[in-house]
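I opened this entry to look up how the parts of one chain pack together. The structure and its sequence go here before my notes.

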Amino acid sequence: MYLPSHFEERNPEALHDLIAKHPLGMLVTHGGEGLDANHVPFELDTGAALGPHGVLRAHVARANPLWQSVADGDEVLVVFRAEQAYISPNWYPSKHEAHKLVPTWNYRVVHAHGRITVRDDERYVRGLVARLTRHHEAGQPKPWKMGDAPPDHIDTLLKSIVGLEIAVARLVGKFKLSQNREPRDRVNAGQVLIDQGDKELGQHMLAAGPAA
């Protein structure tokens, strides 16, 4: 990934936070038939015993050839993307003085590089599904839980999925928030985004600090 220094985000907490809030990752693998990409919701575990970058866990359908096309220890890439939006040069006050600015696109992404392990283990996937369910149902008025479904139905479904675990070796963050523009340009563009409903990206732009 092309990464100018003024867009690089190195704070582990910021990188982990993006993954936790935007857990649908694009898992890129390279198997016998070439490159493949699967969109999978991940659980991030940053326990102290798991290293500085943590472990990503997920599951895929047994019918998905992904889990058979990789070998334990293969290098993989998972791309997590947060908010993104088009930025018009008309939103930069300096454009109306110099007229030399052009459109761009702002976004926040994290690339997680690591090595994959296939976990074809009913106990593993049961625990993973239970944790994912508790996490994503937490905000519901009446959270669904695995116990709401007949046990034999859950058992059948668990047999139809396979677990994946990725030991993360490196996290690369790119937070493109107009840090290369004058502060007044970045702040005004961020405020325009907030006003038009792209609040999260706009707020990150306002908090991005002075131009490099």
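Against which elements do the buried residues of helix 6 pack? I looked this up in what is a predicted model. The buried residues of helix 6 pack against strand 6 and helix 7.

**Helix 6.** I listed its buried residues as D185, R186, A189, G190, L193 and I194. I then checked its length: at 1.5 Å a residue, the 13 residues of helix 6 should span 18 Å, and the end C-alpha atoms are 18 Å apart, so the two agree. G197 follows helix 6 and has a positive phi, near 110 degrees.

**Cores.** I looked up the largest nonpolar core next and found that it has 37 residues. Those with the most contacts inside it are L27, F42, L56, V78, F80, L164 and I166. Among the elements that each supply at least two residues of this core are helix 1 (12–21), strand 6 (75–87), strand 8 (161–176), helix 6 (183–195) and helix 7 (199–206). A second, separate core has 11 residues, including L128, L132, I154 and I161. I went back to I166 for its contacts: leaving out residues up to four places away in sequence, I166 touches L27, F42, G54, V55, L56, V76, V78, G114, R115 and I116.

**Helices 4 and 5.** I noted that helix 4 (residues 122–137) and helix 5 (residues 151–158) pack at an angle of about 110 degrees, with their axes 10 Å apart. Helix 4 and helix 5 are therefore roughly perpendicular to each other. Helix 4 passes helix 5 in a right-handed crossing. For the residues that meet, I wrote down E122, V125, R126 and V129 in helix 4, and I154, D155 and L158 in helix 5.

Terms used
Residues are numbered from 1 along each chain as its sequence is written. This is a predicted model: local features need pLDDT of at least 70, side-chain atom pairs count only at pLDDT 80 or more; totals for chains, interfaces and linings use all residues. Side-chain values use heavy atoms; hydrogens and water are left out. A nonpolar core is a set of buried Ala, Val, Leu, Ile, Met, Phe, Trp, Tyr and Cys residues joined through side-chain atoms within 4.5 Å. Buried means under 20% relative accessible area, exposed over 50%, partly exposed in between (1.4 Å probe, protein chains only). Helices (H or I, at least four residues) and strands (E, at least two) are DSSP runs, numbered from the N terminus. Contact means heavy atoms within 4.5 Å. The expected span of a helix is 1.5 Å times one less than its number of residues. Axes are lines fitted to C-alpha atoms, for helices over the stretch in contact, and angles run from 0 to 180 degrees between N-to-C directions. Angles under 35 degrees count as roughly parallel, over 145 as roughly antiparallel, 65 to 115 as roughly perpendicular and the rest as oblique. A crossing is left-handed if the near helix is turned anticlockwise from the far one by less than a right angle, and right-handed if clockwise.
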